[in-house]
Amino acid sequence: MLQTMTLELVPAKREHVPEIGRIAYEAFKQVAESHGFVADFPSVEIACNVLAMLVDGEDFYGVVALSDGRPVGSNFLTLGGAVAGIGPLTVDCTVQSQGTGRALMHDVLDYARRQGISQIRLTQDSYNLTSLALYTSLGFDVKEGIAWMRCPSGLTSSAGVARPASKADLPAMEALALHVHKTSRGKEIATSLRLGVPAFVREREGELLAYLIPGEFGHGSARTEEDALAVIQEAGRSLPPHQASFMCPLRQTDLFRRSLQEGSRILRVLNYMAKGPYDPAVSVWMPSVLY
């Protein structure tokens with residue numbers, strides 16, 4: 001009986017990817033489409049590619065739940081600094097609401113504790129009441145409302161000039177991230193640049209004022225909303241629509257309003273949640289789907 005299944009939690013390995021990728025695709029598709037939204041992963045192949053990256057990455061911890069030797073869910077913890085991000089957490093649609101997700105969450109939280117990490121973050125879709133209840137019961141607090149937005153395409157910049165980032169920009173991007181987010185995001189930025197992930201910066205008189213790594217796994221920092229708009233607009237001009245997106249905290253009302261006025265489109269609204277010490281960002285920030 002599914003109600004009495006015994007779970008075994010094991011480290012995520014490459015051999016698990018085809019099955020946990022399928023589970024992730026189907027789980028996100030089911031909950032999104034039931035609320036009238038588009039799923040996070042457009043195909044099983046893309047879901048497998050994302051999870052394979054997490055399984056192979058040195059800055060990620062992954063865990064898989066097995067039932068009778070068969071994967072029924074997985075969860076991941078992003079490492080690399082004082083803050084850890086959780087997700088994606090997915091459970092097979094046939095065994096949901098039976099404790100698998102809670103067990104996977106306890107596992108990554110225990111791992112973070114053993115690593116001495118006390119600051120843990122995640123985002124969750126505001127329409128997913130089940131995950132909101134789970135994370136709240138585990139001690140997470142909602143800190144921000146986040147609009148996941150599509151960058152405006154083909155717009156002539158009204159906010160100033162921005163350009164593609166290069167490896168030479170890494171030290172300045174790291175410094176700005178530390179100032180704005182109050183935690184190092186250097187490993188994320190360095191990995192993105194090393195892998196050729198598109199990123200954009202704005203500078204004036206040799207000072208870097210903003211950067212954006214577009215997409216749900218990217219993030220950004222800026223001195224002002226005008227600086228943020230410049231890199232958002234550059235991303236929209238330079239990238240195909242499916243790559244050009246960013247996360248906008250809703251309390252940044254001027255940035256949110258101007259982004260809408262200039263053609264950005266809301267994809268959906270998420271809750272930004274934290275467990276442990278939390279020091280809000282300063283200036284203008286654009287989180288990732290992890291933190």
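Is valine 269 buried, exposed or partly exposed, and what is its relative accessible area? In this predicted model, valine 269 is partly exposed, at 32% relative accessible area, a class lying between buried (under 20%) and exposed (over 50%), with a 1.4 Å probe and protein chains only. Local features here require pLDDT of at least 70 and side-chain atom pairs 80 or more, while totals for chains, interfaces and linings use all residues. Residues are numbered from 1 along each chain as its sequence is written, and side-chain values rest on heavy atoms, without hydrogens or water.

Valine 269 belongs to strand E13, residues 265-275 (a strand being a DSSP run of at least two residues, numbered from the N terminus). Together with Leu260 and Ile266, Val269 makes a nonpolar surface patch of about 200 Å². Such a patch joins nonpolar side chains within 5 Å, from residues with over 30% relative accessible area and no salt bridge (a Lys or Arg side-chain nitrogen within 4 Å of an Asp or Glu carboxyl oxygen).

Turning to the cysteines, the count is 0 disulfides, a disulfide being two cysteine sulfur atoms within 2.5 Å. The sulfur of cysteine 48 is too far for a bond because its closest cysteine sulfur, in cysteine 93, lies 15 Å away. Cysteine 248 is also in no disulfide, with the sulfur of cysteine 151 nearest at 11 Å. Cysteine 48 is buried at 15% relative accessibility, and cysteine 248 is buried at 0%.

Definitions and conventions:
Patch = residues over 30% accessible without salt bridge, like charges linked within 9 Å, V, L, I, M, F, W, Y side chains within 5 Å. Areas by Shrake-Rupley, 256 points an atom, 1.4 Å probe, with all protein chains shown as cover. Helix = DSSP H or I, 4+ residues; strand = E, 2+ residues; numbered from the N terminus.
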